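These are my notebook entries on one structure, kept in the order in which I looked things up. I began with the aromatic rings and then turned to helices, sheets and a loop residue.

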Amino acid sequence: MLNALKDLFRSAPSPTAPRVPAGTRYYVIGDVHGRLDLFEAMMDAIEADISRDGDAEARIILLGDLVDRGPDSAGVIAATREWQSRRNVRVLAGNHEEMFLQAFEKPEILRHFLKHGGRETILSYGLSRKRFNTLELDELFAMLPRLVPPEEREYIASFEEMIVAGDYVFVHAGVDPGKPLEAQNRSDLLWIRDRFLDHDGPLEKVVVHGHTIFDRVMDCGNRIGIDTGAFRSGVLTALVLEADQKRIMQACQQDDGPIETFHGDRAS
């Protein structure tokens, strides 16, 4: 009887913390949006972090939206490709990459793209601001394939939709909470907001995502949002995962001051 009472009132076991595969360390970078300066600072910080503790296999994931809004999308793409030549770097497609590629299909899609940060992306591919301002939409549409060659577009089109590692899944925007991971739609992975953000129940895996800007890293247990609005806030965030541990790295620029990198969330 006594043992039965002990069993009744014994505390439930603590849930096991989510883990990435043994022997790996994941550096997951939020939406860069053309901020090459912050991205280069983050790359340097990650390389230094790997050098200090190189026991684990470093794997780097970019959560998409490398382009638009910030001043140097072309530079971010080039830096990513160079980093991939020497590190295990995987890139997820964001909704802004999708808009960028679709802008080559019809002038009306290009018009929509320009309103959502595409103007800055096109300028970063070598078109002067003065020349841009003289072009009609149809003229710009005709020029676009010469500014961004097919090989560059093919590279962007190769970005992945979802990456799974242990108890985590990495996507750009989120997942449809009503569907298993293998049944997710690309449109939700790149665009979803409220149905995902408002879901407070358990998910198949912990979802690490960007797309929706937060003032600080948003760790809700079932999901972790790490888009801290680099293009407007000057804060680019990376989530570092190793075994069952997680930590934050950030590259920050306040006003027009120098870029600083540090461990932790500057808003905490």
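**Entry on aromatic pairs.** I searched this predicted model for pairs of aromatic rings whose centres lie within 6.5 Å. By this rule I count seven aromatic pairs. I looked up Phe39 and Trp83, which make an edge-to-face pair with 6.0 Å from centre to centre and 75° between the planes. Phe39 belongs to helix α2 (residues 36–52) and Trp83 to helix α3 (residues 73–84), so this pair ties together parts that are 44 residues apart in sequence. I find both Phe39 and Trp83 buried.

I then looked up Tyr168 and Phe170. Their rings are stacked, at 6.3 Å centre to centre and with 10° between the planes. Tyr168 has 2% relative accessibility and therefore counts as buried, the limit being under 20%. Phe170 is buried as well, its relative accessible area being 0%.

I also noted one aromatic cluster, formed by Phe100, Phe104, Phe113 and Tyr125.

**Entry on charges over rings.** Which ring does the charged end of Arg153 sit over? I find it over the ring of Phe104, 4.5 Å from the centre. I recorded a further case in Arg223, which lies over the face of Phe196 at 5.8 Å from the ring centre.

**Entry on helix α2.** I checked the length of α2 against expectation. Its 17 residues should span 24 Å at 1.5 Å a residue, and the end C-alpha atoms are 24 Å apart, which agrees. The buried residues of α2 include Leu36, Leu38, Phe39, Met42, Met43, Ile46 and Ile50. I noted that Glu47 and Asp49 are also among the buried residues of α2. Helix α2 lies across β1, β2, β9 (235–242), β10 (245–253) and β11, and it runs at about 140° to β10.

**Entry on helix α3.** I repeated the length check for α3. Its twelve residues should span 16 Å at 1.5 Å a residue; the end C-alpha atoms are 17 Å apart, which agrees. I list Ser73, Ala74, Gly75, Val76, Ile77, Ala79, Thr80 and Trp83 as buried in α3. What do the buried residues of α3 pack against? I find β1, α2, β2, β3, α5 (107–124) and α8 (150–157).

**Entry on the sheet of six strands.** I traced an open sheet of six strands in the order β3-β2-β1-β9-β10-β11, and its pairing is mixed. Why is one side of β3 (89–91) and of β11 (259–263) left without a neighbour in the sheet? Both stand at the edges with a single partner strand each, so one side of each has no neighbour there. From one strand to the next the twist averages 20°.

I followed the pairings in turn. Strand β1 (residues 24–29) pairs with strand β2 (residues 57–62) in the parallel sense over six bridges. Arg25 has Ala58 in β2 as its bridge partner. Strands β1 and β9 pair in the antiparallel sense over five bridges, and the bridge partner of Tyr27 in β9 is Val240.

Strand β9 is mostly covered, with seven of its eight residues buried. It pairs with β10 in the antiparallel sense over eight bridges. Leu239 has Ile248 in β10 as its bridge partner. In the hairpin of β9 and β10, two residues lie between the strands, and Ala243 takes a positive phi near 55°.

**Entry on the sheet of five strands.** I traced an open sheet of five strands in the order β4-β5-β6-β8-β7, again with mixed pairing. At its edges stand β4 (163–165) and β7 (218–219), each with a single partner strand, so one side of each is left without a neighbour in the sheet. Strands β7 and β8 pair in the antiparallel sense over two bridges. Here I find Asp219 opposite Ile224 in β8.

**Entry on Thr228.** Where is Thr228 found? I located it in the loop between β8 (223–225) and α11 (230–233). Is Thr228 buried or exposed? At 3% relative accessibility, Thr228 counts as buried. Leaving out residues up to four places away in sequence, I recorded its contacts, among them Ile213, Phe214, Asp215, Arg216, Val217, Ser233 and Gln250. Thr228 also touches Val235, Leu236 and Thr237.

Methods. Residues are numbered from 1 along each chain as its sequence is written. This is a predicted model: local features need pLDDT of at least 70, side-chain atom pairs count only at pLDDT 80 or more; totals for chains, interfaces and linings use all residues. Side-chain values use heavy atoms; hydrogens and water are left out. Rings of Phe, Tyr and Trp (its six-membered ring) pair if their centres lie within 6.5 Å; planes under 30 degrees apart count as stacked, over 60 as edge-to-face and the rest as tilted. Helices (H or I, at least four residues) and strands (E, at least two) are DSSP runs, numbered from the N terminus. Buried means under 20% relative accessible area, exposed over 50%, partly exposed in between (1.4 Å probe, protein chains only). A charge sits over a ring if NZ of Lys or CZ of Arg is within 6 Å of the ring centre and within 35 degrees of the ring normal. The expected span of a helix is 1.5 Å times one less than its number of residues. Two strands pair if DSSP finds at least two bridges between them. Axes are lines fitted to C-alpha atoms, for helices over the stretch in contact, and angles run from 0 to 180 degrees between N-to-C directions. Contact means heavy atoms within 4.5 Å.
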